[in-house]
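Good morning, colleagues. Please have the sequence and the structure open before you while I speak.

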Amino acid sequence: MDHGRGELRKTIFHHRAAAAAGYTFLFTVFALTTLSAIAAALATISSSADQTPQAGADALRARYLALSGLNLWTPETTGTFTLGVDAITIGQLGPDSGGVYAVTSTGTVRAGTSSQTSATVTARRGGSGSTITFDDDIDAFKTPVVGKTTNSGSAVQVYGKDVDNAPATLTTAEWTSLFAQNASRYAGGWVRLGGGAAETTGAVWYTGDKGSCQAGACALGTGFRAYFGFAFSGYDTHAQSKTYGDGFTFAVITAANDPATAAGGPAAATGGEYLGYAGPGPSGKGIAPPKMAVEIDTYPNRGSGDPKSTNSRRDASNANHVAVVYWGDTATSYDDNVHGAGTDPVNPSLAKGGYYEKAATSGGPQWLEDGEEHSLRLELLRTSASGGGSYTLKVWIDPEGVGKSDVSLDYTAQTPQVVSAVSLDATNHAGLDAVRFGFTEATSSAVTQDVAVHGFSLRFRE
Ligand SMILES: [Ca+2]
Ligand SMILES: [Ca+2]
């Protein structure tokens with residue numbers, strides 16, 4: 001496609017309503033600024049034999065522009081977007097009967113000049129085929145194989161459609177028996193966290209190839225939407241919520257730094273308060289940052305001492321709470337879910353937002369530990385910004401409005417209880433270009449939980 005510069009600029013405003021065009025153009029400016037810096041840096045360390053250094057840099061920059069265009073794409077965002085003499089042209093075919101678009105993005109450097117250089121990338125985006133669900137994909141959720149000592153076989157069990165899908169932490173006989181007892185509880189498969197045992201810690205990650213994912217490493221793009229149901233079978237009427245614990249997280253972690261065997265927890269013995277998300281875990285490497293999670297915390301750990309010591313999470317009260325956590329101070333993995341820990345990003349605390357709690361009703365069970373069905377919806381919006389990226393995570397607990405479980409559209413019927421917005425630097429932002437997602441859990445000494453997570457669906461934004 002050969003556009004003159006004047007025509008390119010004109011095209012932008014023909015394709016967009018003014019406000020939306022302004023937003024997208026601004027986004028493109030940020031993206032181009034960042035990508036130009038990356039391309040310039042790469043150009044200094046690589047030049048191929050058959051290209052001049054300048055031509056090599058332009059080719060690389062054109063490719064980054066094209067990739068940026070793929071991230072920019074929505075069904076309503078096509079056309080040509082310019083910055084100076086560079087341009088991105090986004091086209092689409094479709095959707096097909098499955099709702100899938102064939103998207104083509106071309107990056108052009110020095111458009112309209114004699115040294116014009118272009119690169120084109122294509123991808124399939126959208127469609128119901130890119131929604132990851134327990135119903136279709138339960139067998140792709142795998143527990144890490146990190147040893148059988150602290151990562152107990154009770155920590156995470158995946159009840160799929162086939163009994164032969166035994167976790168590495170159980171014998172075939174143990175698994176067959178458990179499967180027979182539990183497989184029928186939720187049609188379409190479910191994940192059982194805690195298993196009614198004390199001193200557990202574990203994780204489970206999606207490992208499939210659906211949509212933008214390859215072996216569980218998924219292009220995060222502009223974020224995702226997810227929805228799942230959960231039920232704590234323990235009925236906790238303890239005034240301080242100490243009969244059952246400790247809760248679980250839904251986590252999104254860097255695929256660049258974390259293998260599919262990543263798991264948190266203490267180095268040895270018990271540590272339910274880490275929720276399987278903080279701490280070095282059986283491998284010693286824990287779950288490396290950058291990462292983020294929503295924790296559903298059902299056991300109070302209100303102390304503020306050394307994060308290696310017990311009772312050190314700075315939980316705001318005895319109430320069950322739902323909060324966003326990142327990774328705390330980079331010097332230790334033990335504080336990854338300590339509220340208020342870390343800088344850029346800071347883990348949210350009750351006083352600062354991104355943390356929601358609800359006290360037990362008088363004489364009744366704790367908010368979420370009531371044996372009832374609950375649901376959680378979350379939406380992550382990710383945008384590139386100058387020098388890094390912006391992340392806004394919204395969480396609804398027990399949403400009730402129209403569209404609550406539809407992960408193809410933003411949910412607008414209700415205000416989220418939890419919102420956390422942070423900016424990440426360029427290194428951490430790039431570290432989240434590809435992510436793994438899944439659940440972590442833990443229980444303490446003499447404290448148990450049995451959580452059923454079911455009806456899960458997740459879709460990356462397009
Ligand atoms: Ca509790
Ligand atoms: Ca806690």
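Predicted model: local features only at pLDDT ≥ 70, side-chain atom pairs only at ≥ 80, totals over all residues.

Residues are numbered from 1 along each chain as its sequence is written, while chains are lettered from A and ligands numbered from 1 in the order in which they are written.

Let me begin with the overall content. The protein has six helices and 21 strands; these are DSSP runs numbered from the N terminus, helices being H or I with at least four residues and strands being E with at least two. Of its 462 residues, 50% count as buried. Here a residue is buried if 20 or more other C-beta atoms lie within 10 Å of its own, exposed if 12 or fewer, and partly exposed in between, with C-beta atoms placed from the backbone. Among contacts with a separation of 6 or more, 71% are between residues 24 or more positions apart; a contact requires C-beta atoms, placed from the backbone, within 7 Å.

I turn now to the interior. A nonpolar core is a set of buried Ala, Val, Leu, Ile, Met, Phe, Trp, Tyr and Cys residues joined through C-beta atoms within 7 Å. The largest such core holds 85 residues, and the members that touch the most others are Val191, Ala251, Val395, Phe439 and Val453. Strand S12, residues 223–232, contributes the most to this core, with seven residues. Which residues does Val453 touch, not counting those up to four places away in sequence? They are Trp190, Val191, Leu193, Phe228, Phe230 and Phe439.

Next, an open sheet. Its four strands follow the order S1-S2-S3-S4 with antiparallel pairing, where two strands pair if DSSP finds at least two bridges between them. Strand S1 (79–83) and strand S4 (117–125) stand at the edges with a single partner strand each, so one side of each has no neighbour in the sheet. From one strand to the next the twist averages 15°. S1 is joined to strand S2, residues 86–93, by five bridges, and the two run antiparallel. One bridge partner to note is Asp86 in S2, which pairs with Leu83. Helix H3, residues 53–72, packs on the sheet and touches S2, strand S3 (101–109) and S4; the direction of H3 makes about 145° with that of S3. For such angles, axes are lines fitted to C-alpha atoms, for helices over the stretch in contact, and values run from 0 to 180 degrees between N-to-C directions.

Is S15 mostly covered or mostly uncovered? It is mostly covered, with six of its six residues buried. Asn320, Val322 and Val324 are buried on one side, and His321, Ala323 and Val325 are buried on the other. Strand S14 runs antiparallel to S15, and five bridges join them; Ala293 has Val325 in S15 as its bridge partner. S15 and S16 also run antiparallel, with four bridges between them, and His321 stands opposite Glu357 in S16.

The loop between S15 and S16 contains Gly353. Gly353 counts as partly exposed because it has 14 C-beta neighbours inside 10 Å. Gly353 and Val418 are 65 residues apart in sequence, yet 7.2 Å apart in space, C-alpha to C-alpha. Leaving aside residues up to four places away in sequence, Gly353 touches Pro348 and Val419.

Finally, the backbone. Most residues other than glycine have a negative phi, and most peptide bonds are trans. The peptide bond from Asp344 to Pro345 is cis, with omega near 10°, and Pro345 is in the loop between strand S15 (320–325) and strand S16 (355–358). The bond from Gly245 to Asp246 is likewise cis, with omega near 10°; Asp246 lies in the loop between S12 and strand S13 (247–254).

Two residues other than glycine have a positive phi: Glu199, near 55°, and Asn311, about 60°. Glu199 lies in the loop between strand S8 (190–193) and strand S9 (201–206), and its 19 C-beta neighbours inside 10 Å make it partly exposed. Asn311 lies in the loop between strand S14 (291–297) and S15, and with 13 such neighbours inside 10 Å Asn311 is partly exposed.

Note on methods. Contact = placed C-beta atoms within 7 Å.
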